[in-house]
Amino acid sequence: MQETLNYINENKQRFVDELFELLRIPSISADPAYKDDVLKCADVCAEHLKNAGADNVEICETKGYPIVFGEKIIDTNLPTVLVYGHYDVQPADPLELWRKPPFEPYIEKTELHPDGAIFARGAADDKGQFFMHLKAFEAMMRTNTLPCNVKFILEGEEEVGSVSLGDFVNENKEKLSCDCILISDTHIYSNEQPTVTTGLRGLSYVEVEVEGPNRDLHSGLYGGAVPNPIHVLSRMIANLIDEDGHITIDGFYDNVEIVSDADRAEMNKLKDNPEEFKKSIGLSNIEGEKGYTTLERASIRPTLDCNGIWGGYTGEGAKTVIPSKAFAKISMRLVPYQTPEEITEKFTKYFEKIAPDTVKVKVTPHHGGMPYVLQSDTKEFLAAKKAMETAFGKEVLPYRSGGSIPITAMFEKVLGAKSVLMGFGLDSDAIHSPNEHYGLFNFYKGIESIPLFFENYSK
């Protein structure tokens, strides 16, 4: 391993320079205007795989954006690790909140990143993180220390729901056959307390519509005499959560996993600091489901949030109307043993039930995903834990995250392999937000840890 670490140390600056080239490509999958950039990014990823030493590198067509595949099979009797990442990024809006253009990467020191952080859209989610794997693989290839087989799958639609990935995996089971899947699209608790993610919440995402009058009405002529869909929708959303932070949907908690007191005690070793938490997001106080810590609320408990609400006139100046319709987008994070189908159905029935008879309502399901848990006594988790403990020189704890990566459950169902969620970002990295960044310390620690994982897992 020392030879591999030496190679990494000797090439640190080149690794960052190459990452900058990748970050300059605005591979925004949600916006068709960036189609050529997304395709260009796939080409660049394929070139990096080839240059690192991968064989059979392909840009595989799908109904949407292509999937980049590559592999290195050194011995069919050895285990195979499938590395997953995504090369598409979120839109950069609102652009005016970025300190510098989002696709012109730069390094700046911060309080949490005294060694500097890379600022750019995609720096942490997920270009900086999957690029660690390419550079760790390169280091093992150059030093002839790759201890097992490796395959890579890089997709370009993660930020729009991985719409083509399921079909691709089902159609290419043999090509993707593996013993475990390694994903770096999550974060650690802190640089002082590294963690391996052992759980992700699932997701049910819906859009709702409330319709009142058959057209927009003059608020002077009709105000006070007819239902205002925005008012109705606001009251309905407010009634979805009670004063104790409890979701009021009928049967919502029927299948919720009951986490043992011992497991709750273990997860709270992460030293939840309410004051630091409030400070980090600019709040004077916090709220949530009664009877649970902040860590528990954001990981082992299901949630419901309104992600956007609109209707009527929102342009410049004034237009005095009562809108015909009002809309909202609502996401529900799920825990084992809830399913998106079950929760979407319960939400729809409840939303229709609480609607007053003065309006019509419509619920449109969008994407969803299953929760995922990797037990902390598995060989996959233990290999990651030991690798990170060696790299960080600190005890590594299991960590249940509140985010969702729906593909993990799909991978296990189709390929029969566990996913190891060995991310290296921080939750303060502003992914999906202006001024996204990724610490140089974290980037390098990832490149150091990945070969150690391969070594541990092979043993």
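The legends below describe close-up views of a predicted model.

**View 1. Helix H4 against helix H14.**
Helix H4 covers residues 127-142 and helix H14 covers residues 440-458. Their axes lie 8 Å apart, and the angle between them is about 50 degrees. The two helices are therefore oblique to each other, and their crossing is right-handed. On the H4 side, the contact is made by Gly128, Phe131, Met132, His133, Lys135, Ala136 and Met140. Facing them in H14 are Asn442, Phe443, Gly446, Ile447, Ile450, Pro451 and Phe454. Sorted by class, this contact of H4 with H14 holds nine nonpolar residues, four polar residues and one charged residue.

**View 2. Lys135 in helix H4.**
Lys135 belongs to helix H4. With a relative accessible area of 2%, Lys135 is buried, because a residue under 20% counts as such. Apart from neighbours within four places in sequence, Lys135 is in contact with Arg14, Phe15, Glu18, His48 and Ile447. Of these contacts, Ile447 is one of the H14 residues that meet H4.

**View 3. Helix H12 against helix H14.**
Helix H12, residues 379-392, packs on H14 at an angle of about 130 degrees. The axes of H12 and H14 are 8 Å apart. At this angle H12 is oblique to H14, and H12 passes H14 in a right-handed crossing. From H12 the contact takes Lys379, Glu380, Ala383, Ala384, Lys386, Ala387, Met388, Thr390, Ala391 and Phe392. From H14 it takes Phe441, Lys445, Glu448, Ser449, Leu452, Phe453, Asn456 and Tyr457. The contact of H12 with H14 has ten nonpolar, three polar and five charged residues.

**View 4. The largest nonpolar core and Phe454.**
The largest nonpolar core has 90 residues. Within this core, Tyr87, Phe443, Phe453 and Phe454 touch the most other members. Helix H14 gives the most to the core, with nine residues. Leaving out residues up to four places away in sequence, Phe454 touches Val81, Val83, Met140, Leu146, Pro147, Cys148, Asn149, Val150 and Leu182.

**View 5. Helix H1 against helix H4.**
Helix H1 is formed by residues 2-10. The axes of H1 and H4 come within 9 Å and cross at roughly 125 degrees. This angle makes H1 oblique to H4, and H1 passes H4 in a right-handed crossing. Thr4, Tyr7 and Ile8 of H1 make the contact with Glu138, Ala139, Met140 and Arg142 of H4. By class, the contact of H1 with H4 has four nonpolar, one polar and two charged residues.

**View 6. Arg333 in strand S13.**
Strand S13 spans residues 325-334 and contains Arg333. Arg333 is partly exposed, with a relative accessible area of 27%. Although 31 residues separate Arg333 from Pro302 in sequence, their C-alpha atoms are 5.3 Å apart. Setting aside neighbours within four places in sequence, Arg333 is in contact with Arg201, Gly202, Leu203, Pro302, Thr303, Gln338, Gly402, Gly403 and Ser404.

**View 7. Thr408 in helix H13.**
Thr408 is part of helix H13, residues 407-415. Its relative accessible area is 0%, so Thr408 is buried. Not counting residues up to four places away in sequence, Thr408 touches Ile183, Leu200, Tyr372, Ser419 and Leu421.

**View 8. Two cis peptide bonds.**
The peptide bond that joins Asp93 and Pro94 is cis, with omega about -5 degrees. Pro94 is in the loop between strand S3 (80-86) and strand S4 (106-108). The bond from Pro336 to Tyr337 is also cis, and its omega is near 15 degrees. Tyr337 is placed in the loop between S13 and helix H11 (340-354).

Ser162 is not a glycine, yet its phi is positive, at about 50 degrees. Ser162 sits in the loop between strand S6 (149-155) and helix H5 (165-171). The relative accessible area of Ser162 is 12%, so this residue is buried. Asn435, also not a glycine, has a positive phi of about 65 degrees. The loop that holds Asn435 runs between strand S17 (418-421) and strand S18 (437-439). Asn435 is buried, with a relative accessible area of 11%.

Key. Residues are numbered from 1 along each chain as its sequence is written. This is a predicted model: local features need pLDDT of at least 70, side-chain atom pairs count only at pLDDT 80 or more; totals for chains, interfaces and linings use all residues. Side-chain values use heavy atoms; hydrogens and water are left out. Axes are lines fitted to C-alpha atoms, for helices over the stretch in contact, and angles run from 0 to 180 degrees between N-to-C directions. Helices (H or I, at least four residues) and strands (E, at least two) are DSSP runs, numbered from the N terminus. Angles under 35 degrees count as roughly parallel, over 145 as roughly antiparallel, 65 to 115 as roughly perpendicular and the rest as oblique. A crossing is left-handed if the near helix is turned anticlockwise from the far one by less than a right angle, and right-handed if clockwise. Contact means heavy atoms within 4.5 Å. Ala, Val, Leu, Ile, Met, Phe, Trp, Tyr, Cys and Pro count as nonpolar, Asp, Glu, Lys and Arg as charged, and the others, Gly among them, as polar. A nonpolar core is a set of buried Ala, Val, Leu, Ile, Met, Phe, Trp, Tyr and Cys residues joined through side-chain atoms within 4.5 Å. Buried means under 20% relative accessible area, exposed over 50%, partly exposed in between (1.4 Å probe, protein chains only).
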